[in-house]
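Reader: Hello! Could we walk through this structure together, one question at a time?

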Amino acid sequence: MRAQFVLSEIGVGLRRNLTMTFAVIVSVALSLALFGGSLLMSDQVNEMKGYWYDKVNVSIFLCNKSDAESDPNCSKGAVTDQQKKQIVGDLDKMTSVVQKVTYESQDDAYKHYKEQFGDSPLASSLTPDQMQESYRIKLKNPEQYQVIASAFNGRDGVQSVQDQKGILDNLFGLLNGMNWAARAVMAMMLVVALMLIVNTVRVSAFSRRRETGIMRLVGASGFYIQAPFIMEAAVAGLIGGTVACGFLLIARYFIIDHGLDLSHKLNLINFIGWDAVLTKLPLILATSLLMPALAAFFALRKYLKV
């Protein structure tokens with residue numbers, strides 16, 4: 001097969017159906033940009049999980065005198081020194097689960113509350129003896145919260161066992177939901193792109209039916225006839241994939257590093273780096289090349305019957 005002939009046919013086909021070719025490029029670019037964005041969103045959520053779950057504590061709140069009067073979990077009175085020693089002893093035995101235990105006294109809890117909520121009207125009415133003592137437990141595996149909960153919930157002197165991971169799970173559940181919504185839109189865009197590719201190839205084949213008929217009569221192989229149409233679709237898709245890669249790079253640069261500058265404004269979030277973006281680009285380019293080529297191949301098999 002002469003490469004010059006194939007390249008000339010590709011150029012003719014792209015120019016002849018310029019409007020549909022442009023529509024294919026745009027739809028492929030948008031769908032693959034959403035595809036890459038959803039992959040990066042998954043990486044971002046996993047990065048945030050690793051960062052924040054590593055900082056999660058399980059808190060064992062102890063009963064105080066106020067709780068003994070109002071909370072049924074503390075009906076037997078405020079925690080005693082013997083009960084605290086028993087809790088610490090049991091925590092020391094759980095070496096396979098517990099990484100570190102930090103004690104927070106009522107005075108420490110009051111100080112931390114004043115630092116965080118000093119402007120609240122309630123802060124002026126609170127006193128240290130109304131605050132709860134607690135043990136802040138750093139787990140080796142944040143997923144093992146239930147081990148602590150089952151061991152200490154309902155124990156005398158324990159008001160409650162709280163897991164900060166539950167708060168984070170709600171946030172990550174929302175982020176994952178948004179990610180799946182983006183994937184659903186991406187799937188619809190891919191379907192639209194495939195339909196446009198098939199229609200573009202069929203229109204191109206119909207407009208050149210005389211040439212293909214002559215080629216068939218002189219004994220040209222099926223692949224020789226199909227190749228220009230397949231490569232037209234592949235080239236249009238590759239252009240769209242390149243545009244999608246450009247979208248992702250620009251978004252990473254202006255949204256996180258510059259422009260909105262989220263990396264500095266939201267310094268509590270550990271954003272994914274450039275390496276995560278760059279590793280997705282080859283996948284996007286390969287998809288943009290293969291997806292239109294395969295769609296054109298199967299469309300032509302039925303349409304040209306060669």
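Author: Gladly! Helices here are DSSP runs of H or I with at least four residues, numbered from the N terminus. Please keep in mind that this is a predicted model.

Reader: Which helices each supply at least two residues of the nonpolar patch?

Author: The patch covers about 560 Å² of surface, and its members include Phe22, Val26 and Leu30 as well as Val235 and Phe247. The helices that each supply at least two of its residues are helix 2 (18-53) and helix 9 (222-257).

Reader: Thanks! Which helix gives the largest share of that nonpolar patch?

Author: Ile239, one of the patch residues, has its place in helix 9. With 4 residues, the largest share of the nonpolar patch comes from helix 9.

Reader: What is the relative accessible area of Ile239?

Author: A patch residue must have over 30% relative accessible area. Exposed means over 50% and buried under 20%. Ile239 falls in between and therefore counts as partly exposed, as its relative accessible area is 39%.

Reader: Now to Asp90: is it buried or exposed?

Author: Asp90 lies in helix 4 (residues 81-93). The cut-off for buried is under 20% relative accessible area. Asp90 has 16% relative accessibility, so Asp90 counts as buried.

Reader: Which side chain does the side chain of Asp90 make a polar contact with?

Author: Leaving aside neighbours within four places in sequence, Asp90 is in contact with Phe152 and Arg155. The polar contact, at 2.7 Å, joins the side chain of Asp90 to the side chain of Arg155.

Reader: Let's turn to the strands. How many residues of strand 3 are buried?

Author: Strand 3 spans residues 134-139 and is mostly covered. It pairs in the antiparallel sense with strand 1 (residues 57-62) over 5 bridges, and with strand 2 (residues 98-104), also antiparallel, over 6 bridges. Of the 6 residues in strand 3, the number buried is 5.

Reader: Which residue in strand 3 is the bridge partner of Asn57?

Author: Strand 3 has bridges to strand 1 and to strand 2. Tyr103 stands opposite Tyr135 in strand 3. For Asn57, the bridge partner in strand 3 is Lys138.

Reader: And which residue in strand 4 is the bridge partner of Phe61?

Author: Strand 1 is mostly covered, with 5 of its 6 residues buried. Strand 1 also pairs with strand 4 (residues 158-163), in the antiparallel sense and over 5 bridges. In strand 4, the bridge partner of Phe61 is Ser160.

Definitions and conventions:
Residues are numbered from 1 along each chain as its sequence is written. This is a predicted model: local features need pLDDT of at least 70, side-chain atom pairs count only at pLDDT 80 or more; totals for chains, interfaces and linings use all residues. Side-chain values use heavy atoms; hydrogens and water are left out. Buried means under 20% relative accessible area, exposed over 50%, partly exposed in between (1.4 Å probe, protein chains only). Two strands pair if DSSP finds at least two bridges between them. Patches are made of residues with over 30% relative accessible area and no salt bridge: like charges are joined within 9 Å, nonpolar side chains (Val, Leu, Ile, Met, Phe, Trp, Tyr) within 5 Å. Accessible areas come from the Shrake-Rupley method with a 1.4 Å probe; for residues, only the protein chains shown count as cover. A salt bridge is a side-chain nitrogen of Lys or Arg within 4 Å of a carboxyl oxygen of Asp or Glu. A polar contact is a pair of N or O atoms within 3.5 Å; within protein, one must be able to donate a hydrogen and the other to accept it, and residues adjacent in sequence count only if both atoms are side-chain atoms. Contact means heavy atoms within 4.5 Å.
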